Structure formats: C-alpha cells, structure tokens
Amino acid sequence: MTVKSGPVQKGMSRVSDRALLIFAGLIYLFLYAPIGIVMFFSFNSAKSTQNFAGFSTRWYGELLRDQTVLDAFQNSLFVGVIATAIATVIGTLTALALSRHEFRGKTFADSSIYAATVMPEIVVGVSLLVFFVAAGVGLGITTIVIAHVAFTISFVTIVVRARLSGMDRSLEEAAQDLGASPMQTFWRVTLPLILPGVMAGAMLAFTLSFDDFVITFFVSGVGSSTLPLKIYSMLKFGVTPVINALSTVVVLTTLVIILGASRFLAGSDDTKGS
Amino acid sequence: MRGRKGWSLGLAGLLSPVTFWLGLFFLVPLLLILAYSFGTSGVYGGITLGFNPGNYLKVFDPLYLEIVVRTFIIAGINTLLCLLLGYPLAYFIAFKGRRWRNILILMVMVPFWTSFLIRAYAWVVILNGNGIANKTLQFLGLTSEPINLIYTPGAVTLGMMYAYLPFMILPLYAALEKFDGRLKEAAQDLGASKWHTFWRVTFPLSMPGVIAGSILVFIPSAGEFVIPNLLGGSRTVMMGNLVQQQFLQARDWAFGSALAMMLAALLLAAILFYVRRVGTDELEGA
C-alpha cells in the first residue's frame, strides 16, 4: 500500500483490524440477540419467559385459537395490501416526475417527500387524528389505509427514483426513435426496466404498513385493530409467551419480505446502465 | 443528461396523485395542528381558534419544562451513543467488509425494517424483574437479588439506542462507501500516521453521513413515545408521551398541537442545517 508501512505499522494495523472485527461482531450480537431471545422463548413449553423448560409450539396453537388475533392479522394484511397498491402506483408516478423533469417548485416537492419520511411519527399520527375528527370521518380501517398510504408514498418514491437515476436513457430514446409512442415506451421499455425498483418499493411499503404502530394507534377506531395494536394491548396485561409467539410471526413475516425486496434490489444492479 | 424542462400536461398528470394525497393527508393536517396550536382549548375538549401563544409558553411551566429537558437529554445521549457504536461498524463494513459488504449492510437493514414495537418489547422481556439481565447479574455475583432495571431513564436510553442504531449506521456507511481510498494512501504517503489520516481525511469527508445519521436518530428519538411508555414507566415521561396524553386523555388539543409543532419545527431546523452544511445533492442522489 505505502512505502512507509514497515513491519511495526503492519503489526499495529493487524491488532486494530482484529479489535474492529470483534467490535463489529459485538454490535451484530447486540442487534440480533434481543429479538432472538423473544423468538427463543416463544418455543418454551412453560409459561415462564425466563426459564426454558423444553421445546413446544403450544403458544402458537393458542395464537391460532384466539379469534381477536386472527382478526387483527386479517386487518393488517388487508390494510397492507391496499395501502401498498395505492402507494406503489402514486410513488412510481412521482419518481418518474422527479427524475425526468425539471420544473418550478421541484425543490418544494423534493423537500415535502423527504419531510414525510423523517417527520416524527407521533406528529403525523396526531395531525391525522385531528384532521379526521375535524372532517367528520369516523376512525376505522379506511382511515388506517389513508394514513398508511400517506407515509409510505415517499419511501416508494425514493426507492424507484434511485432505480431510475441509474437507468440507461438511450433505450427509451431508441424506442421513441423507432416510432414508439410515449405510452408504448413506458409500458414496453421503462416499466420493465424499473420493475425491480417498483417491486422493492412495494415490499418496503408493505413491511412499513404491516409493522406500523404509532400512526395506526392514533387513527384506528373500535374493531379496527391491526397486529401491532393487538400486541400493544396484550402487553398491558404483562409479558406472556403468547406475545413472544405473535412477535415471532410478525418478525418472520417482515424478514421474508425484506429478503425478497433485497433480492430484487441486488438483482437490479446487474442490469443497471451507465 | 438533465430531464425535460418546464411544466407540461404529462408532468401535471404524474404529480397530481401525490399532490392530492400528501397535500390532503400530510400537509393539511400539519397546517391544522399549526392552527390548533394557537387556539384555546375549551373545558369540554372543544377548541376556539385565534392567536393564543399561551400553549407554547406553557412548556416553560416547571412541570412540563422538566419533561422537555429530559427529552432533549435522552435524545442527545442516544444520538451520541449511536454515533460512537455506529461509526466503527460503518467503517468496518465500508473498508474491511470486502465481498461480504452487501450481506453485512443487509444485516443492519433487517432490524431497521423490523417492527419497532417488538424491538422495544424485547427489552421488556430482558430487563424485567426476573429477566435475563437480572439473571446474568446474579449469576456473575454482581447483585444478590433482582434489581430494578426497567422503568428507568437508563432502560429508555438503552431501548432507544437499540431501536435507532441502524438509522445511524446506514447514512454513515453511505458516506464512507463513496470514499476514495487513494485519498488515504496519499495522506499516508505524505507521512501522516493512521490516526492522523483518520481525523484529518476520513472523518471530515464522512461528515455528511455523521450529520444525516445524527438527524435521523435525534429527531425521532425526541418524538418517541412507545419506548418511554414500555421501558420508562411513569417516571421517565418524554415529550411524545405528553403529546399522547394531551390528545387521548387530557383532551387539551391546543397544548398537544403546540408540543407536536415544536417537534416538527425541530425537524425543519435540522433539515435546514443539513442543507446548509451539506447541500441538497445528497438528497437527490441516493
């Protein structure tokens, strides 16, 4: 690397590399151990969340027999699917506008998109609550869907836009030179090329919706409990193995979707132009 | 190459759905609580609009000031801890990760996307009276009987650090990953020690990541209410809990709105600071 790195400095750097490696390992342990503990105890045959008595799936059985949990799961899926579908379409259109056009007010549009991703959730939650009450809209599944679309659009926009910015424009220009209409160009050239980004954006939108607690907490009504709200209300009665089991189900669902999304994003790198 | 210039029918078509949705369900609600924050709450929960700065002045009431100060201290400590723990990891992934880089960064992203509520709950399981933390302390002979770990400011800080660490690592990694290794070599060829190279070259160049990460950790920590709710109990109340109380229990929506606006203003100030220090290119890029 350098002319100056004698044996002493090399030895030093090996020691500091080793220290960095150990530190990194500990951070990963810190990131994963707490969730791991919750998942581990969900398979405990005893009611205790401290002593592991033996392997059992009885708490998962109890989950399946709890109708309120199943209802919450159904609500979460319904909200997630509908909100994702709407947010993905709107987010993709927005990404196309922002990456392909220069216009007055673009900075404002950009800032609003980013503000929506970093605005503290509690502010979004209470402002929507105030808005729905002022507008006379009853709180329930509909208001949850509206809120989820509002906070996931920006994430879809950012992911799709990243994909668009790395895309080779010459393919679209070629299609248009060959006589394709703008619509044909979009459906036959642009969309297939950005599809991995769109799919990844959709999957992230779904996990955000599926996991959201704070915003949902403020805009849900009676009988419109989602899984995170259900977990929260169960928590009020103390820590139980059933919550561990439910948490495990939610974490694994998220994990599967995230790994799927990352495959889409990883696969998209190979086909990136320029 | 740059995009098409100016407004057109097509552009208006692309932008109208987002304008409608974010306009009606994000900006209008924010403007509404801005208006409410200057209103006066009635005895029975109604609100009269007007220009009443009293809701903002109320935070100087010692009762509430204590909560605001605590919020800033906990959010500040959390940001610092995330930076101290996150920087070495981001550095490790960016410079030593080699072909495992993508997997290593994905392993940071998985907890980032995993339910916040469950990650906070995990610490309830660990820290409660007979939880693993107490068991370990007793096993090591540090304590003879269970000590009170949960429902303390320490528990809240730990839970927050756990929740927000990925928010720090990801922008730090994004900044370090772009780093041109030749700059480091140049510094060392010119006789700088490794330590010197880091503080004079690597660290200053990673500043955009440090600032972005600190904002992404500090702002949501200041507005956090789930973690202090689950891990802080009634003695570690933060601004987020106060907002929730004003809206759902006390029904003083004017004061609640003022508190929420203060959190939003904090975000605005942070974004302006970022744009001034780093510029908007970073925003448009990634």
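Analyst: A residue is called buried when its relative accessible area is under 20%, exposed when that area is over 50%, and partly exposed in between. The model discussed here is predicted, and A:R161, with a relative accessible area of 10%, is therefore buried by this cut-off.

User: How is the size of an interface expressed, and what area do chain B and chain A bury between them?

Analyst: The size of an interface is often given as the accessible area that is lost when the parts come together. Here chain B and chain A bury about 8200 Å² between them, and 79% of that area lies on carbon and sulfur atoms. On the side of chain B, the residues B:W21, B:W113 and B:Y121 supply 10% of the area buried against chain A, which is more than any other three residues supply. Counted by contacts, 88 residues of chain B touch 92 residues of chain A.

User: How many residue pairs are in polar contact across the interface of chain B and chain A, and which helix of chain B gives the most to the side that touches chain A?

Analyst: Eight residue pairs, both members at pLDDT 80 or more, are found in polar contact across this interface. Helix α1 of chain B, residues 9–37, gives the most to the side that touches chain A, contributing 17 residues. Sorted by class, that side of chain B holds 64 nonpolar, 14 polar and 10 charged residues.

User: How should I read salt bridges, and what does the count come to over all chains?

Analyst: Side chains of opposite charge can pair when their charged atoms come close. Over all chains the count comes to seven salt bridges. One pair crosses between chains, running from B:K96 in helix α3 of chain B, residues 62–96, to A:D17 in helix α1 of chain A, residues 7–41. The side chains of B:K96 and A:D17 meet at 3.1 Å, N to O, and this is the one salt bridge found across the interface of chain B and chain A.

User: Which side chains meet A:R100 and A:R161 in salt bridges?

Analyst: A:R100 meets A:E172 at 3.0 Å, N to O. This pair links distant parts of the chain, since A:E172 lies in helix α7 of chain A and A:R100 in helix α3 of chain A, 72 residues apart. Both A:E172 and A:R100 are buried. A:R161 meets A:D110 at 2.9 Å, N to O, and here helix α6 of chain A, which holds A:R161, is joined with helix α4 of chain A, which holds A:D110, the two residues being 51 apart. A:D110 has a relative accessible area of 7% and is therefore buried. Finally, A:R100, A:R169 and A:E172 are linked in a network of salt bridges.

User: With which side chain does B:R70 make a polar contact?

Analyst: B:R70, which lies in helix α3 of chain B, makes a polar contact through its side chain with the side chain of B:E66 at 2.9 Å. At 18% relative accessibility B:R70 counts as buried. Leaving aside neighbours within four places in sequence, B:R70 is in contact with B:R235, B:T236 and B:V237.

Notes. Residues numbered from 1 in each chain as written. Chains lettered and ligands numbered in written order. Predicted model: local features only at pLDDT ≥ 70, side-chain atom pairs only at ≥ 80, totals over all residues. Heavy atoms only, no water. Contact = heavy atoms within 4.5 Å. Buried area = accessible area lost by both parts, 1.4 Å probe. Salt bridge = Lys/Arg side-chain N within 4 Å of Asp/Glu carboxyl O. Polar contact = N/O pair within 3.5 Å; in protein donor to acceptor, adjacent residues only side chain to side chain. Helix = DSSP H or I, 4+ residues; strand = E, 2+ residues; numbered from the N terminus. Nonpolar A, V, L, I, M, F, W, Y, C, P; charged D, E, K, R; others polar. Buried < 20%, exposed > 50% of the residue type's maximum accessible area, 1.4 Å probe, protein only.
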